[in-house]
2 protein chains.
Amino acid sequence: MSPERFARISQLLDQRQPDLTLCLESVHKNHNLAALVRTADAVGVHEVHAIWYERHFRMTRGAAVGSEKWVKVNHHDGLQPAIDQLRAEGKQILVTNLSDQAVDFRTIDYTKPTAIILGQERRGVTPEAITAADHQIIIPMVGMAESLNVSVAAAVIMYEAQRQREAAGCYQRPTLPEAERQRVLFEGGHP
Amino acid sequence: MSPERFARISQLLDQRQPDLTLCLESVHKNHNLAALVRTADAVGVHEVHAIWYERHFRMTRGAAVGSEKWVKVNHHDGLQPAIDQLRAEGKQILVTNLSDQAVDFRTIDYTKPTAIILGQERRGVTPEAITAADHQIIIPMVGMAESLNVSVAAAVIMYEAQRQREAAGCYQRPTLPEAERQRVLFEGGHP
Ligand SMILES: C[S@@+](CC[C@H](N)C(=O)[O-])C[C@H]1O[C@@H](n2cnc3c(N)ncnc32)[C@H](O)[C@@H]1O
Ligand SMILES: C[S@@+](CC[C@H](N)C(=O)[O-])C[C@H]1O[C@@H](n2cnc3c(N)ncnc32)[C@H](O)[C@@H]1O
């Protein structure tokens, strides 16, 4: 690996935010997945969770989504294993939902360890995800469209998290565990 | 038109922000255009501009992009007519560009009349657009991906504008000209 590439990857790893993640419930469309993972990478999200309820879609697990090399995608066959992992990691769980019970997404403190659940393009999140979450959040809308594109909604929320974390100095404090750092340097070193 | 639908459309028109717009330079992909127009509608952008340099793509002008019924799309054959119109409307012109000369997008005052130029998926914005603009703006990124998806970038900037305009009370002051209001009520009244 060239010294420049080593420096670039080291700097990226210094700014990774392992305590910020997404949890995607049956988000199928590849262009949405690709945009989601690309934005996650851009705000320093180090891994995301993808939940597949339908056997059919489990097949597409391998589909390349671009920035995947730099953002780990953990696949799960159901919601519960993902929730258990997120709870064990001490994360607050937020669920995006177009409901009267949802609070404005900007009222949340994203400097805390946080997971954000996003729903399927047509049906949105499951009732189980709503029950499992600490808060329902919504992005305000003033037009005729009833919802935003899922990768757009995720990006708007992630950049609010980025804004808060930037202000709190989170990007100045390396937090990625050393073993994970070494894994990425080893695997990612070769272009 | 039912009284409920009339009330819903009237409320939407009260919150429209005619002095905030997008200018899309050769953004081709339909899923990106659809997401862009949907987000524009959600933050109260009333019309956007689309510039087509290539004859081939002018053909797709008619392509349905979802929320188009509620967000007017003005098509232009070149940049200059669009810039002339935006200047005549007294708008500051911002161009998104991945350059060292670009300032953080959050340093801009979006409560001013504003147009935001976005570029083509592969090539970005043209040098002419950069020259025509008052400021180059960039969304900070800390990962390996070199850019964001265009509809994601537009959404992140539009929601910063929404945040500033909400705080400044812009959504409480109806500003859409009466003739335009009547046009939309007339054309949009029939589902
Ligand atoms: C197209 S929407 C799903 C719409 C679905 N009919 C519903 O009622 O949930 C897909 C996903 O995008 C996210 N989303 C879209 N608009 C949102 C908004 N305004 N606030 C929060 N999340 C949103 C949510 O994760 C949602 O599950
Ligand atoms: C995929 S990018 C174009 C990449 C192109 N190679 C370039 O250098 O501009 C498509 C458009 O998305 C917008 N965009 C993407 N990432 C951005 C960022 N970090 N800041 C501002 N705009 C961005 C810009 O409008 C850009 O023209």
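Let's begin with the ligand: ligand 1 sits between chains A and B. Keep in mind as you look around that this is a predicted model.

**Around the ligand**

How many residues surround ligand 1? There are 19, and the closest are Thr96(A), Gly119(A), Glu121(A), Ile139(A) and Leu148(A).

| Residue | Polar atom in the residue | Atom in ligand 1 | Distance |
|---|---|---|---|
| Thr96(A) | side-chain atom | oxygen | 2.6 Å |
| Ile139(A) | backbone atom | nitrogen | 2.9 Å |

**A pair of helices in chain B**

Now turn to chain B, where helix 1 (residues 3-15) packs with helix 7 (residues 178-188). The angle between these two helices is about 145°, and their axes are 11 Å apart. Is the crossing of helix 1 of chain B and helix 7 of chain B left-handed or right-handed? It is right-handed.

Which residues meet here? Helix 1 of chain B brings Arg5(B), Phe6(B), Ile9(B), Ser10(B), Leu13(B) and Asp14(B). From helix 7 of chain B come Arg181(B), Val184(B), Leu185(B) and Gly188(B). Sorted by class, the contact of these two helices holds five nonpolar, two polar and three charged residues.

Key
Residues numbered from 1 in each chain as written. Chains lettered and ligands numbered in written order. Predicted model: local features only at pLDDT ≥ 70, side-chain atom pairs only at ≥ 80, totals over all residues. Heavy atoms only, no water. Axes fitted to C-alpha atoms, helices over the stretch in contact; angles between N-to-C directions. Helix = DSSP H or I, 4+ residues; strand = E, 2+ residues; numbered from the N terminus. Left-handed = near helix turned anticlockwise from the far one by under 90°. Contact = heavy atoms within 4.5 Å. Nonpolar A, V, L, I, M, F, W, Y, C, P; charged D, E, K, R; others polar. Near = heavy atom within 4 Å. Polar contact = N/O pair within 3.5 Å; in protein donor to acceptor, adjacent residues only side chain to side chain.
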